Amino acid sequence: MAPDETGAAVGVKATGKAGEPAFKVPTRFARLDSSKSYKAVQKHIQEAAHKHLIDYSLIKAVIAAESGFDPAAVSPKGAVGLMQLMPTTAEQYGVVADRSARMDRRGKLLPAQSVEQKLIDPRTNIQAGSRYLAYLLKMFKGELPLALAAYNAGEGAVQRAGNKIPNYKETQGYVKTVLGLYEVFKPPASLPAVSGSAAFPTGVAIGQSSGRMRVEFGGMPTASVKANPPMLVDYGAPLLADSVR
């Protein structure tokens with residue numbers, strides 16, 4: 001995650017104390033919706049949400065936790081951009097280095113770019129990151145906490161943990177951070193849903209057991225539903241610890 005001006009990591013803190021809110025949202029997120037950095041990428045988030053059938057607010061939460069909406073953020077391990085993608089992962093999801101210089105639409109010669117350079121571009125980064133997140137949601141059958149854990153630690157780590165959140169302090173904190181931000185960013189509603197349309201699916205609660213809310217995404221065009229069966233997303237699955245990233 002990208003540090004703020006004071007050097008603190010971007011994200012939310014889980015209190016873990018009875019009787020207190022589960023999350024404390026940093027003041028820097030209070031005006032996020034009016035910030036230039038967020039407004040500059042809204043259309044890219046909308047495009048990715050539509051294309052990959054992911055909740056807009058979920059992508060927004062991942063970006064906030066990963067980079068604080070800094071498109072040039074680079075982690076010590078080499079993860080790049082808004083959704084903090086490793087170049088090797090980005091290559092699997094459509095980001096390819098240029099072999100040579102190329103012409104733009106106006107005929108101007110553009111220098112060849114590496115995968116790392118391309119990931120600085122907000123649209124490229126959000127498309128690849130959202131595509132990866134959609135893959136993880138499908139892999140873990142809509143279990144959102146597991147998909148987020150895999151986004152942070154890798155799908156292999158989740159599988160080795162028996163399809164549970166790995167016992168890594170950073171990963172456990174990361175899952176809580178994103179889930180907390182997701183709850184904050186979602187539009188107010190009587191059900192855990194995102195206002196949808198034919199282009200943007202709406203989540204509808206279809207059942208709850210053992211503290212887990214199952215949500216089915218509807219509101220999609222018929223052709224889209226046939227090609228993409230309704231996704232079951234698990235909100236609020238129990239976490240293993242109260243540690244934070």
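Which helices do the buried residues of α3 pack against? They pack against α1 (36-39), α2 (42-52), α6 (122-139), α7 (144-153) and α9 (169-185). Helices here are DSSP runs of H or I of at least four residues, and strands are E runs of at least two, numbered from the N terminus.

The model is predicted, so local features need pLDDT of at least 70 and side-chain atom pairs count only at pLDDT 80 or more, while totals for chains, interfaces and linings use all residues. Residues are numbered from 1 along each chain as its sequence is written, and side-chain values use heavy atoms, with hydrogens and water left out.

**Stop 1: helix α3**

Select residues 56-67. At 1.5 Å a residue, the twelve residues of α3 should span 16 Å, and the end C-alpha atoms are 17 Å apart, which agrees; the expected span is 1.5 Å times one less than the number of residues.

Next, select D55, which caps the N-terminal end of α3: a side-chain oxygen lies 3.0 Å from the backbone nitrogen of S57. Just after the helix, G68 takes a positive phi of about 65°.

**Stop 2: the nonpolar core**

The largest nonpolar core has 50 residues, and those with the most contacts inside it include L58, I59 and V62. Such a core is a set of buried Ala, Val, Leu, Ile, Met, Phe, Trp, Tyr and Cys residues joined through side-chain atoms within 4.5 Å. Helix α3 gives the most to this core, with eight residues.

Centre the view on L58. Not counting residues up to four places away in sequence, L58 touches L133, L137, L144, L148, V178 and Y182, a contact being heavy atoms within 4.5 Å.

**Stop 3: the aromatic cluster**

Select Y93, Y132, Y135 and Y151, which form one aromatic cluster. Rings of Phe, Tyr and Trp (its six-membered ring) pair if their centres lie within 6.5 Å; planes under 30 degrees apart count as stacked, over 60 as edge-to-face and the rest as tilted.

Y93 and Y132 form a tilted pair, 5.2 Å centre to centre with 45° between the planes. This pair links Y93, in the loop between α4 (87-92) and β3 (102-103), to Y132 in helix α6, 39 residues apart. Both Y93 and Y132 are buried. Y132 also forms a tilted pair with Y151, at 5.4 Å and 35°.

**Stop 4: charges over rings**

Finally, select K60 and F185: the charged end of K60 sits over the ring of F185, 4.5 Å from its centre. The criterion is NZ of Lys or CZ of Arg within 6 Å of the ring centre and within 35 degrees of the ring normal.

Notes
A polar contact is a pair of N or O atoms within 3.5 Å; within protein, one must be able to donate a hydrogen and the other to accept it, and residues adjacent in sequence count only if both atoms are side-chain atoms. Buried means under 20% relative accessible area, exposed over 50%, partly exposed in between (1.4 Å probe, protein chains only).
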